[in-house]
Amino acid sequence: MPTGGSLIDIYRYVLDQYASVTASSVTAPTLTMSFDASGSAAGSGEVAYSGLAIQHLKHGKIDAMRADRAVFTIDVLQPGKQDKLTGDLSNIIVNDFDATAIAAALDPQKAGDASYHRVYRQMSAGPYVLKSTQGMRIDIDGITFEDIAVQPSKFRPAEIVALMPTDRSLLPTQAQSREMMGKLAGFYEGLRIGKIEVGKTSMGTPQGTARINAVRYREGEFAVEGIDTPSPQGQFKMERFALKSFSAANLMRWAAGLSGHGQAPSPDQLLGLFRVLEGAEIKGVVAPYKNTRQLVTIDTLSLNWGQLVGSIPSKASLVVKMVTPTDPANPAQRPLVMAGVDKLAIDLDLGAAWTESSGAFALMPATIDLGNLAKAQARFALANVPRGLFTTDPAQAMGQAAQVEAGAFELSLRDSGVVDLVVAQFSRMQNVSRDAARRAIVEMIRAQGKTIAASNADVRMAVDALAGFVETSGQTLTVKLTPRAKVPLMQLMQLSQSDPESALAQFRIEASTGL
């Protein structure tokens, strides 16, 4: 075993020894390997195997390997202090291991090889215990990997090691950080893994023990399941967190792009995250709310996007189902607290999509259900939306927006308590009875509506419907606006500020109420 060499030199030496051995079977009650890389950050240590059995070893390839146990110790060098890692791994099983694939990745002569070489067909182990003298401890029930392959032209461990600073007390420059992340992105691109599963895991933290039921990666989806961990405010639990179309290489490249020359990232760089992932999902969260004894619960929070135009999605969906306590310290929520509403049940379903062939953009349906307050559903459409509108350049976006035309808009609002809440708040403010407060609100709606409804029968119908909605609790208000002709969106927005009556006149208005 070489001494004083780099960790890469040690690996190459070990792999060369494998390649020179041929045997139909090998057994070893114990086998100990030591390494010394104390001249680098890798430190030094040893690995001791027991109950080792190997079948069909030839030219660096092994059909099957099993070890009852592997115990390792590593002395890790850190600035100003030393740490020792101790690991104990049981029931190690490896099927179809090819050391020549790793050797190719470590061989400078193979740097042009763009093909993938499978290293492992399957590898599993566990239980696994990792401890350090600094007090850290991790326990894992089991780990499984399947179909691990490397691409020598990109999977270059020696290049990564060469970038590691020998003096860890020195912070890397921005240029060095960008170079490191770029190299790591290529490194991850050159590593292909079919499947990863990590079983039940526990880890000590300053607040207590954190537990995870499983970590999984397969076909681009990365998921963490069954999180139960302490926090300074209380226990945090989550059934599932998942990232869709996850790529460590793409994430590294995006992060490297954010590391500018001392400048803040551009909007286009920040939006590049949409190219890294295709969605995220959170389920089954129970978490403490600030420093109170109340809890926030999230049944589902799912965000998905696609059909990118540059770095901007032209299709997205958002689903949120959660319950959150109302906050007396929040001025906007004080009326809810005063009315006895101690929590908000939120059920949101939002979908939006742009169709390039027709230029249509539709927000449908957008539904939000606020538990015992109200449920609203909206549909909104735009026409003649050009591709050039999906840009981070404000000047270009404004120029393209001039082509956009307003489409139909439909709103349905179901009262489940919000009208009574508004009436009760007005009653307290005016120091009148609730019946008197309700009559006053209805009269104000009719009076204010007359200003813009005098010459528009459609608007009068809408005002009457809104007044009737407030007059009787528990109703559903439906309003639909349909353009009478082509209505440029930018012109409509300007008109709505200067002349609201003329803006409404551009639409045919239908309004009604019903129980």
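Is Arg446 buried, partly exposed or exposed? At 32% relative accessibility, Arg446 counts as partly exposed. The legends below describe close-up views of a predicted model.

**View 1. The salt bridge between Arg446 and Asp464.** Arg446 pairs with Asp464, and the closest N and O atoms of the two are 3.1 Å apart. This pair links distant parts of the chain, with Arg446 in helix α11 (residues 434-453) and Asp464 in helix α12 (residues 457-471), 18 residues apart. Asp464 has a relative accessibility of 44% and counts as partly exposed. Arg446, at 32%, is also placed in the partly exposed class.

**View 2. The salt bridge between Arg484 and Asp458.** In this salt bridge the closest N and O atoms are 3.0 Å apart. Arg484 lies in the loop between β21 (476-483) and α13 (489-498), while Asp458 lies in helix α12, so the pair ties together parts that are 26 residues apart in sequence. Arg484 is partly exposed, its relative accessible area being 49%. Asp458 counts as buried, at 15% relative accessibility, because buried means under 20% relative accessible area.

**View 3. The salt bridge between Glu281 and Lys283.** The closest N and O atoms of Glu281 and Lys283 are 4.0 Å apart. Glu281 has 14% relative accessibility and counts as buried. Lys283 is partly exposed, with a relative accessible area of 31%.

**View 4. A network of salt bridges that includes Glu281 and Lys283.** Side chains of opposite charge can pair when their charged atoms come close. In this view, salt bridges link Lys195, Glu197, Arg216, Glu221, Glu225, Arg240, Glu281 and Lys283 into a network. The structure as a whole holds 22 salt bridges.

**View 5. A negative surface patch.** The patch is formed by Glu239, Asp299, Asp347 and Asp349. Asp349, one of these residues, is located in strand β17 (residues 343-355). The relative accessible area of Asp349 is 36%, so this residue is partly exposed.

Key:
Residues are numbered from 1 along each chain as its sequence is written. This is a predicted model: local features need pLDDT of at least 70, side-chain atom pairs count only at pLDDT 80 or more; totals for chains, interfaces and linings use all residues. Side-chain values use heavy atoms; hydrogens and water are left out. Patches are made of residues with over 30% relative accessible area and no salt bridge: like charges are joined within 9 Å, nonpolar side chains (Val, Leu, Ile, Met, Phe, Trp, Tyr) within 5 Å. Accessible areas come from the Shrake-Rupley method with a 1.4 Å probe; for residues, only the protein chains shown count as cover. A salt bridge is a side-chain nitrogen of Lys or Arg within 4 Å of a carboxyl oxygen of Asp or Glu. Lys and Arg count as positive and Asp and Glu as negative; His and the chain ends are not counted. The place of a charge is taken as NZ of Lys, CZ of Arg, CG of Asp or CD of Glu. Helices (H or I, at least four residues) and strands (E, at least two) are DSSP runs, numbered from the N terminus. Buried means under 20% relative accessible area, exposed over 50%, partly exposed in between (1.4 Å probe, protein chains only).
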